[in-house]
Amino acid sequence: MVTERITASAWSAGSADRLWALASDVERWPDRLDTVDSVRELSSGPTQVGSRFEVRQPGLPRAVWEVTDWQARSFTWVSSALGIRSTAVHSVREDHDGASLDLSLEWTGPLTVVMSRLLGGRATGMVEHEAVTFARLAERETPEGGLS
């Protein structure tokens, strides 16, 4: 089976807890990322394995993502469309007086090559931008706990 994987990492002087709070609060992503137009929760309760979200991003079709793994400072979710399965991992780790956010997006399925050619460059830019944006936001925490 053909697989395409995109990865990005960004270091932050902010705390791992703060970085995780930002990256894991998917419903607030549209407020924080210009790569996300909207996120709508399709399930109820706290985010956990089985939680589902409708995500709309500029220039991409609507996607429904389902959380398949939820750990302390890491989650994985998947979205399937005709001929392709997307798996995204968001992971935060403490790293040298700060924290790092590691993001990955993997495409598998018979349409992987087509998806990679059509959207690979755009997707790579989006994943890299998201990692850097969350890392910078984690550094902007004010003493009161909000964003400056």
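Author: First, a term: a residue is buried under 20% relative accessible area, exposed over 50%, and partly exposed in between, using a 1.4 Å probe and protein chains only. You're looking at a predicted model, where local features need pLDDT of at least 70 and side-chain atom pairs count only at pLDDT 80 or more, while totals for chains, interfaces and linings use all residues. Residues are numbered from 1 along each chain as its sequence is written, and side-chain values use heavy atoms, with hydrogens and water left out.

Now the inside. A nonpolar core here is a set of buried Ala, Val, Leu, Ile, Met, Phe, Trp, Tyr and Cys residues joined through side-chain atoms within 4.5 Å. The largest one has 35 residues, and Trp-29, Trp-77, Leu-105 and Phe-134 touch the most other members. Among the elements supplying at least two residues each are helix H1 (16–24), strand E4 (63–71) and helix H3 (112–139). H3 gives the largest share, seven residues. Those labels are DSSP runs numbered from the N terminus: helices (H or I) of at least four residues, strands (E) of at least two.

Zoom in on Trp-77. Counting contact as heavy atoms within 4.5 Å, and skipping residues up to four places away in sequence, Trp-77 touches partners including Trp-29, Phe-53, Trp-65, Thr-87 and His-90.

Several of those names come back in the aromatic cluster, which is made of Trp-20, Trp-29, Phe-53, Trp-65, Trp-70, Phe-75, Trp-77 and Phe-134. Rings of Phe, Tyr and Trp (its six-membered ring) pair if their centres lie within 6.5 Å; planes under 30 degrees apart are stacked, over 60 edge-to-face, and the rest tilted. By that rule the structure has eight aromatic pairs. One of them is Trp-20 with Trp-70, tilted, at 5.4 Å centre to centre and 55 degrees between the planes. Trp-20 sits in helix H1 and Trp-70 in strand E4, so this pair ties together parts 50 residues apart in sequence. Trp-20 counts as buried because its relative accessibility is 14%, while Trp-70, at 25%, counts as partly exposed.

What about the rest of H1? Seven of its nine residues are buried, so the helix is largely enclosed by the rest of the structure. Besides Trp-20, the buried residues in H1 include Ala-16, Arg-18, Leu-19 and Leu-22.
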